Amino acid sequence: MTPVSDDVHFGVAGIPHTCSGNSFLKAISCLASLDLDALELAFVHGLNLSQETAGQLKMEASQHGVKLSAHAPYFINLNAEDQGQKMRSQELLLNSLRLAAAAGASDLVFHAGYYGRKTPGDTYSQIKDSLKDILSISRLERIPVRLRIETMGKRQQFGSLDEVLLLCRELDGLLPCLDFAHILAREGKINSYRDFCQVLKKVEKKLGPRALSKAHIHISGVIFNQRGEIKHINLDESEFCYDEWLQAIIETGLKGTIIVESPSLEVDALRLKGLYHNLKEKGTCTGLGRDNHDFLDTE
Ligand SMILES: [Zn+2]
């Protein structure tokens, strides 16, 4: 096994296809044997993991040098009209944090919710208030997991890049999960070396250098229409310029975890990891592609 880079960890969301046995526990050693070193535990359909298994995952991951993160259930909506549903969403997010901690995950990614019939401004305030409570309980309980709000690909979902960055700036303890497939799908652009560099520089400008030295990123191919994301596809089947994206990642000196969410999972993760190291060996790159300054230069 070649030594893994300490700077950037490459991994997948869920259980790799080539791993036998449908369990996260087996997925950890399997990922390590594939030369990948990050796994995002999918709690996306519910928190179906016992405390005992969580403890085993923590041990197994530390033995194999695999970095764990987790993804909270999809049905969380911190902007739900129904108060009961909103409270259940808060509780579920808190329980996801607790379970992630038990499993030794350093980060928990979540989708904040939908605008529904509310304006983006009202949605922002509602979600901000909810998260303020969750973060203060997490601090009180000393849960050692970073809470990461994801940039979302469908326009009906809260989570444009600007919304996510503003919320992270305003709430102490909240960090972004930058999903570049979602950013492309939502904006219908942001697909060149220069665009990617500008997104990353914007993140650094709004949140400080730590946002890039401890980044958490989702990536995949994507198809989309004017309403945003339709679905994730494999990198080679999509128009996403992943070579230029990797050049931007290298150029900005980003460190952290890159989680691949293509249907092919480990195939694309290994493709990106290989290309990342090739490009890094070759040295720096030049600006390529088209510009989208109108989107990126907004304050
Ligand atoms: Zn997600």
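Which strand gives the most to the lining of the largest pocket? Strand E2 does, with three residues. The structure is a predicted model, in which local features need pLDDT of at least 70, side-chain atom pairs count only at pLDDT 80 or more, and totals for chains, interfaces and linings use all residues. Residues are numbered from 1 along each chain as its sequence is written, and side-chain values use heavy atoms, with hydrogens and water left out.

The largest pocket has a volume of about 360 Å³. A pocket, on a 1 Å grid over the protein atoms alone, is an open set of points where a 1.4 Å probe fits, with protein on both sides within 12 Å along at least five of seven lines; lining residues have an atom within 4 Å of a point. The volume is the space filled by probe spheres set on the points, which are joined across faces, edges and corners. The lining of this pocket has 21 residues. Val44, His71, Tyr74, His111 and Glu261 lie nearest the centre. Strands E2 (38-42) and E9 (228-233) each supply at least two lining residues. Strands (E, at least two residues) and helices (H or I, at least four) are DSSP runs, numbered from the N terminus. By class, the lining has eight nonpolar, eight polar and five charged residues. Ala, Val, Leu, Ile, Met, Phe, Trp, Tyr, Cys and Pro count as nonpolar, Asp, Glu, Lys and Arg as charged, and the others, Gly among them, as polar.

The second largest pocket has a volume of about 230 Å³. It is lined by 13 residues, and Ile143, Val145, Arg146, Leu147 and Gly173 lie nearest its centre. H4 gives the most, with three. Seven lining residues are nonpolar, three polar and three charged.

H4 also packs against another helix. The axes of H3 (residues 83-102) and H4 come within 10 Å and cross at roughly 40°. Axes are lines fitted to C-alpha atoms, for helices over the stretch in contact, and angles run from 0 to 180 degrees between N-to-C directions.

Helices H7 (residues 193-207) and H9 (residues 242-251) pack at about 40°, with axes 8 Å apart. H7 and H9 are therefore oblique as well.

Terms used: Parallel < 35°, antiparallel > 145°, perpendicular 65-115°, else oblique.
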